Amino acid sequence: MTRQTACVLLMALTGATASAIAAQAPRPKTGAIAVHDAWVRVSTARRTSSSGYCRLENTTDTPVALIGIAAAGVGSAQVHTMVDRDGQMSMHPVEKLPIPPHGAVDLAPGGTHIMLTDIARPLAIGSTLDLRFTFDNGSTQTVRAVIRPLDAMSIR
Amino acid sequence: MSARGVLAVLVVALLWGCTRSEPAPEAVTEAARPPFGGDFTLTNQDNQPFRLDQLRGRPAVLFFGYTSCPDMCPMTMSRIAAALKLVGDQAREVTTLFVSVDPQRDTPAALKEYVGSFSIPVIGLTGTPDEVARVAAEYHASYQVVPTGTTNYLVNHTSAIFLIDRQGRLRQYFRFDEKAETLASALRTLLSEKS
């Protein structure tokens, strides 16, 4: 099979799958915000800052924004985005992270992520940390993040 | 985004993937090497002097960072580890160097704990603020401390991954999030060269 044929087939299959999902899963009348696959990098007594990642999903019909994150024993938890200025990377806090209606935002390594600082007790690999997310529609979600090794790139 | 919108994005993404031909990694020729980089002496995680020329005859990967770097440095290390894995057995000849741009906090002991957290062997390097500044200038790297109001300050820094050849010459540099395949390809070129 040529690469072109494979691509056409892939597009046809993906289109069919997306249509099937749309047909089987009607939009819920009342949606919610869901936080999936939350994980945080290990910290130590010496290295008391870390980073966290997750997928934020908005199943409502209206835009919702993440406006705060908190965790017990963590001095500060903020969404940070990275800016590249001529190869020098800098991080900037994001006060309000919009999640579009029926859309999702990934907080992932190398991009927008959660910056955790002043972690009182070391976060050991395999343990968990509860993160509380606050949204601008007044809702909150608390999810249990898994602590992963320093060079992990995903929850698994 | 509506289901139709998601589908449109998917189709565009697939078309992009199908029509775009991947650029071949640029050849790491000696002639095209950057006109900077070079030898230096710093202190390793065992509090011993480390000179780059100790590695002569073996290629190296070098990047600047700091142990409290929450996201980018662990990701860079992860990319390098993935590239070395792709290279296979010969990757044992490659030395990975992590040069701290935060000498105030990154003592040899802090570096020892940090480099020990990774799946690949890494030499952590630090020095006096002047020594670190000299090495950074040699590699055209920059960094600035960003106060946060706590002891957990941030350090903005150059994110490049530098490849150094068997003769200790800077040969090529990449973005910190470069694909592991591209890094591996460049490393194979350096490994194929005679000592």
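Helices (H or I, at least four residues) and strands (E, at least two) are taken here as DSSP runs, numbered from the N terminus. On that basis chain B has five helices and nine strands, while the secondary structure of chain A comes to one helix and ten strands. This is a predicted model, in which local features need pLDDT of at least 70 and side-chain atom pairs count only at pLDDT 80 or more, whereas totals for chains, interfaces and linings use all residues. Residues are numbered from 1 along each chain as its sequence is written, and chains are lettered from A, with ligands numbered from 1, in the order in which they are written.

**Chain organisation**

- Along its sequence, chain B runs through the pattern α-β-β-β-α-β-α-β-α-β-β-β-β-α, and chain A through α-β-β-β-β-β-β-β-β-β-β.
- Of the 195 residues of chain B, 41% count as buried, a residue being buried if 20 or more other C-beta atoms lie within 10 Å of its own, exposed if 12 or fewer, and partly exposed in between, with C-beta atoms placed from the backbone.
- Of the 156 residues of chain A, 29% count as buried.
- Two residues are in contact if their C-beta atoms, placed from the backbone, lie within 7 Å; among the contacts in chain B with a separation of 6 or more, 71% are between residues 24 or more positions apart.
- In chain A, 67% of the contacts between residues at least 6 apart in sequence join residues at least 24 apart.

**Helix packing in chain B**

- The axes of helix α2 (residues 72-87) and helix α5 (residues 180-192) of chain B come within 8 Å and cross at roughly 55°, where axes are lines fitted to C-alpha atoms, for helices over the stretch in contact, and angles run from 0 to 180 degrees between N-to-C directions.
- The two helices α2(B) and α5(B) are therefore oblique to each other, given that angles under 35 degrees count as roughly parallel, over 145 as roughly antiparallel, 65 to 115 as roughly perpendicular and the rest as oblique.
- The contact is made by B:R79, B:I80, B:A82, B:A83, B:L86 and B:V87 of α2(B), together with B:A180, B:E181, B:L183, B:A184, B:L187 and B:R188 of α5(B).

- Leaving aside neighbours within four places in sequence, B:I161 is in contact with residues including B:V61, B:F63, B:T76, B:I80, B:Y173 and B:L183.

**Individual residues**

- A:D37, found in strand β1 (residues 33-41) of chain A, has phi near 50°, a positive value in a residue other than glycine, and counts as partly exposed with 16 C-beta neighbours inside 10 Å.
- A:H102, in the loop between β6 (97-99) and β7 (103-107) of chain A, also has phi near 50°, again positive in a residue other than glycine, and is partly exposed, with 19 other C-beta atoms within 10 Å.
- B:V145 lies in strand β6 (residues 143-146) of chain B and counts as partly exposed, with 14 C-beta neighbours inside 10 Å.
- Leaving aside neighbours within four places in sequence, B:V145 is in contact with B:Y153 and B:V155, whereas the C-alpha atoms of B:V145 and B:P35, 110 residues apart along the chain, are separated by 27 Å.
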